[in-house]
Amino acid sequence: MSVDEDDGRDVFLNIKAISKRYGGLQALDDVHIDVKEGEVHAVVGENGAGKSTLMKILAGIIDRDGGTITFRGEEVVFTDRKSTRLNSSHIPLSRMPSSA
């Protein structure tokens, strides 16, 4: 794990240069995110910005075209879609029950 020199907390999830293309559409291009111990992050943006694509890559649902994901100092390579190392899940808002 790398340590951020600013506050000394460990960076436990490092997303570096992630890219994904669907045919002629570049869905993600050079995405970088560091998540330190104790942090909470939100991914927000307009429709078509690549939020769901990024979450699906992190959950191991789809493959990335480029870049690396490092979790607790080890590079993550998804080889088994049923058992991902990050123990993450992706539930699109359209699948969530409405509160109305």
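Select Arg 64 together with Val 76: the side chain of Arg 64 reaches the backbone oxygen of Val 76 at 3.0 Å. Arg 64 itself is placed in the loop between helix 1 and strand 4 (66–71). Note that this is a predicted model.

Now display Glu 75. Arg 64 is buried but has no salt bridge, and Glu 75, the nearest side chain of opposite charge, is 4.0 Å away.

Next, colour the model by secondary structure. The protein has 1 helix and 5 strands, and along the sequence they follow the pattern β-β-β-α-β-β. Of the 100 residues, 30% are buried.

How many salt bridges does the structure hold? There are 3 salt bridges, which may be visited in turn.

Select Arg 9 and Glu 39, whose side chains meet in a salt bridge (3.4 Å, N to O). Arg 9 lies in the loop between strand 1 (2–3) and strand 2, and Glu 39 in the loop between strand 3 and helix 1, so the pair ties together parts that are 30 residues apart in sequence. Arg 9 counts as partly exposed, at 32% relative accessibility.

Move on to Asp 65 and Lys 20, which form a salt bridge with their closest N and O atoms 3.7 Å apart. Asp 65 belongs to the loop between helix 1 and strand 4 and Lys 20 to strand 2, so this pair ties together parts 45 residues apart in sequence. Is Lys 20 buried or exposed? At 11% relative accessibility, Lys 20 counts as buried, whereas Asp 65 is partly exposed, with a relative accessible area of 47%.

Then select Glu 37 and Arg 72, a salt bridge in which the closest N and O atoms are 2.7 Å apart. Glu 37 is in the loop between strand 3 and helix 1, and Arg 72 is in the loop between strand 4 and strand 5 (74–75), 35 residues apart.

Finally, turn to the second largest pocket, which holds about 230 Å³ of space. Select its lining residues, among them Phe 12, Ile 33, Glu 39 and Leu 58. Which element gives the most to this lining? Strand 2 does, with 3 residues. By type, the lining divides into 10 nonpolar residues, 1 polar and 1 charged.

Technical notes. Residues numbered from 1 in each chain as written. Predicted model: local features only at pLDDT ≥ 70, side-chain atom pairs only at ≥ 80, totals over all residues. Heavy atoms only, no water. 1 Å grid on protein atoms, 1.4 Å probe; cavity = no way out; pocket = protein on both sides within 12 Å on 5 of 7 lines; lining within 4 Å. Points joined across faces, edges and corners; volume = space filled by probe spheres on them. Helix = DSSP H or I, 4+ residues; strand = E, 2+ residues; numbered from the N terminus. Nonpolar A, V, L, I, M, F, W, Y, C, P; charged D, E, K, R; others polar. Buried < 20%, exposed > 50% of the residue type's maximum accessible area, 1.4 Å probe, protein only. Lys, Arg positive; Asp, Glu negative; His and termini not counted. Polar contact = N/O pair within 3.5 Å; in protein donor to acceptor, adjacent residues only side chain to side chain.
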